[in-house]
Amino acid sequence: MDGNGTLSLVVFSGTDDKLQATAVLVAGAAAMGRPVNVFLQYWALDAFRIDRIRKDHGAAPEAGDEGLAAMQRHGGQHWADTLAQAKDIGEVAIHACALSVEMFGITKDDLDPLVDDIRGVAAFMADVDDAVAFI
Amino acid sequence: MDGNGTLSLVVFSGTDDKLQATAVLVAGAAAMGRPVNVFLQYWALDAFRIDRIRKDHGAAPEAGDEGLAAMQRHGGQHWADTLAQAKDIGEVAIHACALSVEMFGITKDDLDPLVDDIRGVAAFMADVDDAVAFI
Amino acid sequence: MDGNGTLSLVVFSGTDDKLQATAVLVAGAAAMGRPVNVFLQYWALDAFRIDRIRKDHGAAPEAGDEGLAAMQRHGGQHWADTLAQAKDIGEVAIHACALSVEMFGITKDDLDPLVDDIRGVAAFMADVDDAVAFI
């Protein structure tokens, strides 16, 4: 019972609702002094491309019109800004999955500077301590 | 290696298939004597509104017609009843995410009594021990 | 801080993108010497039926045409082959959720031999150590 261990997040989904939820969890963990280790795969990685990160990434189909309207009304800051703040206040590392980078045929330069580096899944797994979530 | 630590579940999705799966995991963990800490966000929180909890929340698009038919044929009890039983037999707390409550413009009174309270993400994170899953 | 504990994965989704991501995480954990415990539910279990495992299971709606094209161009081996290799090199157990087996009205013989056995959720939960993810 410590609650001080590293929180590892494998982020697979690239819709704005899940990326907002991710950013809030990362910021909450960083505020509590936990190191956070984020691993971007598939559609989440695609959303971190430097020319797309501020574009509209939609929401899960279940959001529906009413859910989308609530999200837009609520506004608040962009998830990329929440992540930037979390990196300022805590120990937050954001890695791009090497296999997904290869799948999209991109390089580190195509990604927003929020992404620290490209990493293989085995290297990421070696850093997974206890708490790991797939988003 | 204990398997006795708290299981924390961040529940984001609000379709009936994922809420059924959630309820079964919560009940299984409670039956094994593990404390369970549930944090409702976004579409999952919406599904716990007192006037919607028993309505049809659909399923993931991938279920398809055949999957939906299997779910309906199988029937079984509602996930809200499974959660109520889990709360009776074990140490299960269900929190509403303060940010999502604000996004929907609702209050504690709009939520089913299964929900114990409203909590900020940092307070939730402080209780996250080891095992945490995002659903 | 050990990184040697068992990684437990509850796999709910049955689209090829998430099953590929699952297989890569399982293989990465197995390569690092971690035991992996997989629990197949709902649409993921359906995808492991012996007569469907090699069929097209689609991708999450958010993939879009461009994402699907990137997946297909990238190719690589099938996720079932990646899982088979992970089982060869490491300690990987794949369980079918008893409730989902009942929901689909199938038996162990209807499932690909990659699946080791059928297990109830409480028995699975008893084996969950620290790291557990829901996919």
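User: How is a polar contact defined, and what is the count between chain A and chain B?

Analyst: A polar contact is a pair of N or O atoms within 3.5 Å; within protein, one must be able to donate a hydrogen and the other to accept it, and residues adjacent in sequence count only if both atoms are side-chain atoms. Between chain A and chain B, six residue pairs are in polar contact, both residues at pLDDT 80 or more. The model is predicted: local features need pLDDT of at least 70, side-chain atom pairs count only at pLDDT 80 or more, and totals for chains, interfaces and linings use all residues. Residues are numbered from 1 along each chain as its sequence is written, chains are lettered from A and ligands numbered from 1 in the order in which they are written, and side-chain values use heavy atoms, with hydrogens and water left out.

User: How much area do chain A and chain B bury between them?

Analyst: The size of an interface is often given as the accessible area lost when the parts come together. Here buried area is that loss (1.4 Å probe), summed over both parts. Chain A and chain B bury about 2400 Å², 66% of it on carbon and sulfur atoms. Leu25(A), Glu62(A) and His74(A) supply 24% of the area that chain A buries against chain B, more than any other three residues. By contact (heavy atoms within 4.5 Å), 31 residues of chain A meet 24 residues of chain B.

User: How are aromatic pairs classed, and how many are there?

Analyst: Rings of Phe, Tyr and Trp (its six-membered ring) pair if their centres lie within 6.5 Å; planes under 30 degrees apart count as stacked, over 60 as edge-to-face and the rest as tilted. Over all chains there are 18 pairs. One of them, Phe48(A) with Trp79(A), is tilted, at 5.1 Å centre to centre and 55° between the planes. Both residues are buried, meaning under 20% relative accessible area, where exposed is over 50% and partly exposed in between (1.4 Å probe, protein chains only).

User: Why does the pair Phe39(C) and Phe124(C) count as stacked?

Analyst: The ring centres of Phe39(C) and Phe124(C) are 4.4 Å apart and the planes are at 10°, so the pair is stacked. Phe39(C) is buried at 0% relative accessible area, and Phe124(C) is buried at 1%.

Key: Buried area = accessible area lost by both parts, 1.4 Å probe.
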